[in-house]
Amino acid sequence: MKVTFKDVSLSYDGKKTILKDINFVIPEGSLVCLLGPSGGGKSTTLNLISGLITPTSGHIFFNDTDVSKKDALSRKVGMVFQNYALYPHLTILDNIAFPLKMQKVPKEKRYETARKLAKLVHVDDQLNKKPGELSGGQQQRVAIARALAKKPSILLLDEPLSNLDARLRIEMRSEIRRIQKETHITTVFVTHDQEEALHIADYIMVLNHGKIQQFSTPDDLYDHPANDFVAKFIGEPVINTLPITTFGHDLDGIIPDDILSQAATVGIRSEAITPYDDKPILTKLTGKIIDNEKYGRENTTKIDYNGQTLVTTEMANIDAKVGEEIAFNVTKSGFFLFDENGKTIYGEAKKVND
C-alpha cells in the first residue's frame with residue numbers, strides 16, 4: 001500500500017494550525033520512520049494515516065483511493081502502541097487470534113493463522129501463557145502478531161519500544177525490521193530516537209513544529225542535511241555548530257566568497273575533525289585540547305578553537321595532552337554551512353530537499 005498526503009492541514013480549533021500543507025509519498029512495502037522532538041507532529045501524522053483523526057483540509061490516499069473521510073476500521077490499518085493493550089485474561093494464542101474472531105473467522109482457521117504469526121514473531125513457544133507471564137519484548141512481539149492477524153493494509157507503530165530497556169530496544173528494532181521484510185507490509189514507525197530510526201528505516205521523515213524538515217534515506221539525512229535542525233537532530237555526538245565569525249579568515253579562498261557572505265553558522269561532524277590525511281581535506285586548523293574522555297571503545301576529545309569548543313571522535317591515538325596546541329584537519333565530508341534561516345548552503349556533493 002502506497003500512502004500519499006496532498007496539501008494536508010490540521011487545526012483543532014480553526015485558529016492554531018497543527019500541520020500545514022503537508023505533502024509526501026510513502027512508497028509501497030517500505031518502512032518509514034517519523035522522527036522528531038515531542039510536539040513535532042509525529043503522532044498526529046500517524047493518526048491522520050490511521051483515520052483516528054480527519055484532516056481539516058487536503059487529501060490522503062491509499063494507493064489511488066481517497067481515504068480522507070474514512071475511519072480507521074474502513075482503512076484496515078494495524079496499530080501497535082507504547083502500551084501493548086493485550087488482553088490479560090486471554091492466552092497468547094487467543095490474543096493473536098482475537099481480531100480474526102471478531103471477523104467471524106472459523107476457529108480452526110484463526111488458530112492456524114495465529115500459530116503462523118506467532119512463529120513469525122518468535123513467540124510460538126509461549127502460546128499457552130498469559131501476557132503477564134511474558135517479558136516486555138515478548139509482549140511487544142505478541143502485539144505485532146495481533147496487529148498483523150487481520151492482514152492490515154498498513155502497519156502503524158507508535159513509539160513501540162519506548163517502554164523497553166536499552167538492550168531489548170536494540171533486539172526488538174532488529175526484529176521489527178526482520179518482520180517487515182518478511183511480510184513486505186508498508187510500515188510507519190514513530191520514534192523520537194534518531195539512532196533507532198537510522199537503524200530500522202528505509203526512509204525517515206524528520207518533523208518539527210508540524211512541518212517536514214526533510215524526508216529521505218538515513219544516509220542522505222546524515223550526509224546531506226537540508227538544514228541545521230536536521231544536521232543537529234541526526235547523528236551522535238551532536239554535530240558541532242559554530243558562528244561563522246569564529247573562523248575569521250580561515251575559510252577565505254577555500255569556500256567561494258558568494259557562499260561565505262551568506263553563511264551564518266558552520267556545522268562540522270565529530271568524525272570530520274581528524275589528525276590524519278587519509279580523507280579529502282577541506283582545511284587545516286589549530287586549537288588547544290581541553291578535554292579527553294574514553295568510555296570503552298568510544299573516545300571523545302574536546303578542542304578549543306578560537307574560543308569555541310569542537311568535539312571529535314578521531315583523536316584516540318594521538319600523543320597530545322590536555323592543554324597542548326595541536327593542528328587538525330577538517331574533512332570535506334561532514335562540513336556544512338547554513339544561512340541565517342538555517343538552510344544548508346554548502347556541503348560536499350550537496351543534495352538537499354527544497
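In this predicted model, the axes of helix α5 (residues 136–149) and helix α6 (residues 166–183) come within 11 Å and cross at roughly 20°. Angles under 35 degrees count as roughly parallel, so α5 runs roughly parallel to α6. The crossing of this pair, α5 and α6, is right-handed. Why quote both an angle and a distance? Two packed helices are described by the angle between their axes and the distance between those axes.

Now for the residues that do the touching. On the α5 side they are G137, Q140, R141, I144 and L148, and they meet L168, E171, M172, E175, I176, I179 and T183 of α6. Sorted by class, the contact of α5 with α6 has 6 nonpolar, 3 polar and 3 charged residues. The spacing of such numbers has a simple background: an α-helix has 3.6 residues a turn, so residues three or four places apart point the same way.

Helix α6 itself has 18 residues, and from its first C-alpha to its last it reaches 26 Å, close to the 26 Å expected at 1.5 Å a residue. Quite a list of its residues is buried: R169, M172, R173, E175, I176, R177, R178, I179 and Q180. What covers these buried residues of α6? The cover includes helices α4 (107–120), α5 and α7 (194–200), along with strands β3 (31–35), β7 (154–158) and β8 (187–191).

Take α4 next, one of the elements covering α6. Just past the end of α4 comes H122, which takes a positive phi of about 65°.

Is L31 buried or exposed? Its relative accessible area is 0%, so L31 is buried. Leaving aside neighbours within four places in sequence, L31 is in contact with I176, R177, Q180, T187, F189, I200, A201, D202 and Y203. Among these partners, I176, R177 and Q180 are themselves buried residues of α6. As for L242, L31 is 211 residues away from it in sequence and 35 Å away in space, C-alpha to C-alpha.

Note on methods: Residues numbered from 1 in each chain as written. Predicted model: local features only at pLDDT ≥ 70, side-chain atom pairs only at ≥ 80, totals over all residues. Heavy atoms only, no water. Axes fitted to C-alpha atoms, helices over the stretch in contact; angles between N-to-C directions. Helix = DSSP H or I, 4+ residues; strand = E, 2+ residues; numbered from the N terminus. Parallel < 35°, antiparallel > 145°, perpendicular 65-115°, else oblique. Left-handed = near helix turned anticlockwise from the far one by under 90°. Contact = heavy atoms within 4.5 Å. Nonpolar A, V, L, I, M, F, W, Y, C, P; charged D, E, K, R; others polar. Expected span 1.5 Å × (residues − 1). Buried < 20%, exposed > 50% of the residue type's maximum accessible area, 1.4 Å probe, protein only.
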